[in-house]
Amino acid sequence: MIDLHCHLDLYSDPAQITATCKDRGIYVLSVTTTPSAWEGTARLAHGADRISTAVGLHPQLARARHAELEIFDRLLPLTRYVGEVGLDGAPEFQPHWDIQLAVFNHVLKACSNAGGRILSIHSRRATAAVLGRLQAYRDAGIPVLHWFSGSRRDLECAIDLGCWFSVGPAMLRSRNGRFLAALMPRDRVLTESDGPFAQDKGTPLMPWHVDRAVHILGELWSVSAAQAQQTIRRNLRALTMLVPDLRSAPR
Ligand code: MN
């Protein structure tokens, strides 16, 4: 199983969830919402070679934490993965739009200077703006749009830009989410939980709940769940080949 967007550090018992992921052999991209959370979160995954920890600065925290871009720059050489980053256009975050943009631009520029990264990107109510930034920084690496919720036209633009997608059970619960997922290129789709933020009936989704997304993708693709899982596994391998491994601490 593959969970390409999970906030391991934010579960009520991160060590236990991480241990379960290790036992089950789940590939996890453990994203962070602030650069200062990276070291502790990476430590959680110590010795788990299927868990990678991304350095991020969540757009909803851009205003409060922009000073941590210094830490971001210091950590970037240590990891091949960046996230959660992006833009959030919801009304409560609109007042911080300029600082969100400044942070996201900084991140993309740094990634581009560093030779490219795999980026897990938030684009709620801001798809067009996110795509505009990605267009401006084509060398930032491989963007993976997590929980895509734009229009069909935005999706077409994202596909043209070379974006990948991570989809989870929460997104696939809605008819529109399934509609969009069905239009995504099958060789650029990965699964995610987005736990513990994403929930099911008031309970946080766990990394192993990606199996629900695999099942639905199988239905959308008219293949068995096992075949869908194989495709997703192949996609992960292809994705990691697109961005060079780092000589030091490739996590
Ligand atoms: Mn998230």
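In the predicted model, five strands form an open sheet in the order β4-β5-β6-β7-β8, with parallel pairing, where strands are DSSP runs of E with at least two residues and helices are runs of H or I with at least four residues, both numbered from the N terminus, and where two strands pair if DSSP finds at least two bridges between them. The edges are taken by β4 (81-86) and β8 (189-191), each with a single partner strand, so one side of each is left without a neighbour in the sheet. The twist from one strand to the next averages 30°, with axes being lines fitted to C-alpha atoms, for helices over the stretch in contact, and angles running from 0 to 180 degrees between N-to-C directions. Residues are numbered from 1 along each chain as its sequence is written. As the model is predicted, local features need pLDDT of at least 70 and side-chain atom pairs count only at pLDDT 80 or more, whereas totals for chains, interfaces and linings use all residues, and side-chain values use heavy atoms, with hydrogens and water left out.

Within this sheet, strand β5 (residues 117-122) is paired with β6 in the parallel sense over five bridges, and Leu119 has Pro143 of β6 as its bridge partner. Strand β6 (residues 141-146) is mostly covered, five of its six residues being buried, that is, under 20% relative accessible area with a 1.4 Å probe and protein chains only, against over 50% for exposed residues and values in between for partly exposed ones. Helix α10 lies across β7 (164-167) and β8, and runs at about 150° to β8.

Helix α9 (residues 175-183) has Gly177, Leu180 and Ala181 as its buried residues. These cover an arc of only 100° around the axis, which puts them on the same side of α9, the arc being that of the directions from the helix axis to the C-beta atoms. Their cover includes α7 (152-160), α8 (169-173) and α10. The axes of α9 and α10 come within 10 Å and cross at roughly 65°. The contact, defined by heavy atoms within 4.5 Å, involves Arg178, Ala181 and Ala182 of α9 together with Ile216, Leu217 and Leu220 of α10.

The loop between β10 (203-204) and α10 (210-221) contains Leu205, which is buried with a relative accessible area of 1%. When neighbours within four places in sequence are left aside, the contacts of Leu205 are with Tyr11, Pro169, Ala170, Ser193, Gly195, Pro196, Ala198, Gln199, Asp200 and Arg212. Asp194 lies eleven residues from Leu205 along the chain, and the C-alpha atoms of the two are separated by 7.3 Å.

A further open sheet consists of three strands in the order β1-β2-β3, again with parallel pairing. Here β1 (2-6) and β3 (51-53) stand at the edges, and each has a single partner strand, so one side of each is left without a neighbour in the sheet. Direction ignored, neighbouring strands of this sheet are turned by 10° against each other on average. Strand β2 (residues 27-30) pairs with β3 in the parallel sense over three bridges, and Ser30 stands opposite Thr53 in β3. Helix α11 (residues 225-242) packs on the sheet and touches β1 and β2, its direction making about 60° with that of β1.
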